[in-house]
Amino acid sequence: MLYALAGVIIGFIAGWYFPLYLPLEYGRLLSVSLMAALDTVFGGIRSSMEGKYDNFVFITGFFTNAVMAAFVCYSGLLMGIDLYMVGILIFGMRIFNNLAAIRHLFLKK
Amino acid sequence: MLANKHAKIMLLIVFAILGFMIATQIKTTERQKTINVQRAEELTERLRDVEQQRDELAKEVERLQAASGSDEALESEVERLKEFAGEVPLEGKGIQLILDDSKVTAQVGENPNLYIIHDDDLLRVINELRAAGAEAISINGERLVSTSEIRCAGPTLSVNNNRSAPPYVILAIGNPSNLASALKLRGGVLDTFKFWGIQADLTQPEVVKVPAFKGRRIFEYAQAAPDEDKAAKEGGK
């Protein structure tokens, strides 16, 4: 847990001072992959609370989810389909589900 | 223990990437906002400028309209141009020349055409008068303007597309003595007329009244060409 928090802080500071800006089109892709990554993180938290946490599954899930989400949305952009909206919606719903589950598990303890 | 440490470092890296993504996203969004705000401010500024300009121009239009209502210079210019163009009747000192066909009958074998007035006779008279500084000329009540023709039309003459038969009354405003002497030159127009017996009566009335051009002039093909100096300047820019 400590490592995770430290990682977020380090990454945030690095990203804040790294001169990288994305144009609006790719900003959408990044937002979708960010949602996928957050979804994986909350899923990981939930599974760790359920005692089913697997580091390998978590790390591979993190990367594949983020990259695949971005890729699917990119192909959506090419075809003129607003897939990023769908991605944000689905990932958002899953994040809130996970949050609810985490709360329940926390209360049960 | 090693596997555990390895896993923790991996976790650190994963979360670092997550943090990086969040930061980039936030920055991008922030910049988008500030760009929009900047653009809006810029547009507001420009709108204010343009509105101010518009108000100033509107004031100028008002001022110019007010000024043009009492613009005597413009009116007198229009009047002057009308006089030049023959749109208004003119009067002044000048000469009056009445021409009529010859009373001499043509001899047998002689061309009777030599004894009547032709368009080139009148053209010579007009040319002479203009050379002597005539300011306004009319033939049988037809004012000569820039588009006037003098042409044979059967036994009559056509001026401004109106036919008239002899006698021809030519009125010219100008210095009377200059005009008269130009016509009376030795070997000049009147001498030639005298030779053929064509009757010419030259008088110098106190006041000669030249009528206005009565027709309508419309340019069907011609239109004002763009100012060449201006065009050259703009082209040179």
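A salt bridge here is a side-chain nitrogen of Lys or Arg within 4 Å of a carboxyl oxygen of Asp or Glu.

## Basis

This is a predicted model, in which local features need pLDDT of at least 70 and side-chain atom pairs count only at pLDDT 80 or more, while totals for chains, interfaces and linings use all residues. Residues are numbered from 1 along each chain as its sequence is written, and side-chain values use heavy atoms, with hydrogens and water left out.

## B:Lys27

B:Lys27 lies in helix 1 (residues 2-69) of chain B; helices are DSSP runs of H or I with at least four residues, and strands are runs of E with at least two. B:Lys27 is buried and has no salt bridge, buried being under 20% relative accessible area with a 1.4 Å probe, protein chains only. The nearest side chain of opposite charge is that of B:Glu30, 12 Å away. Lys and Arg count as positive, Asp and Glu as negative.

Beyond residues up to four places away in sequence, B:Lys27 touches A:Gly15, A:Trp16, A:Phe18, A:Pro19, A:Leu20 and A:Tyr21. Contact means heavy atoms within 4.5 Å.

## Interface of chains A and B

The contact involves 30 residues of chain A and 22 residues of chain B. About 2700 Å² is buried between the two chains, 81% of it on carbon and sulfur atoms; this is the accessible area (1.4 Å probe) lost on being put together, summed over both. B:Phe15, B:Met21 and B:Lys27 supply 23% of the area that chain B buries against chain A, more than any other three residues.

Zero salt bridges are found across this interface.

Note on methods
Chains lettered and ligands numbered in written order. Buried < 20%, exposed > 50% of the residue type's maximum accessible area, 1.4 Å probe, protein only.
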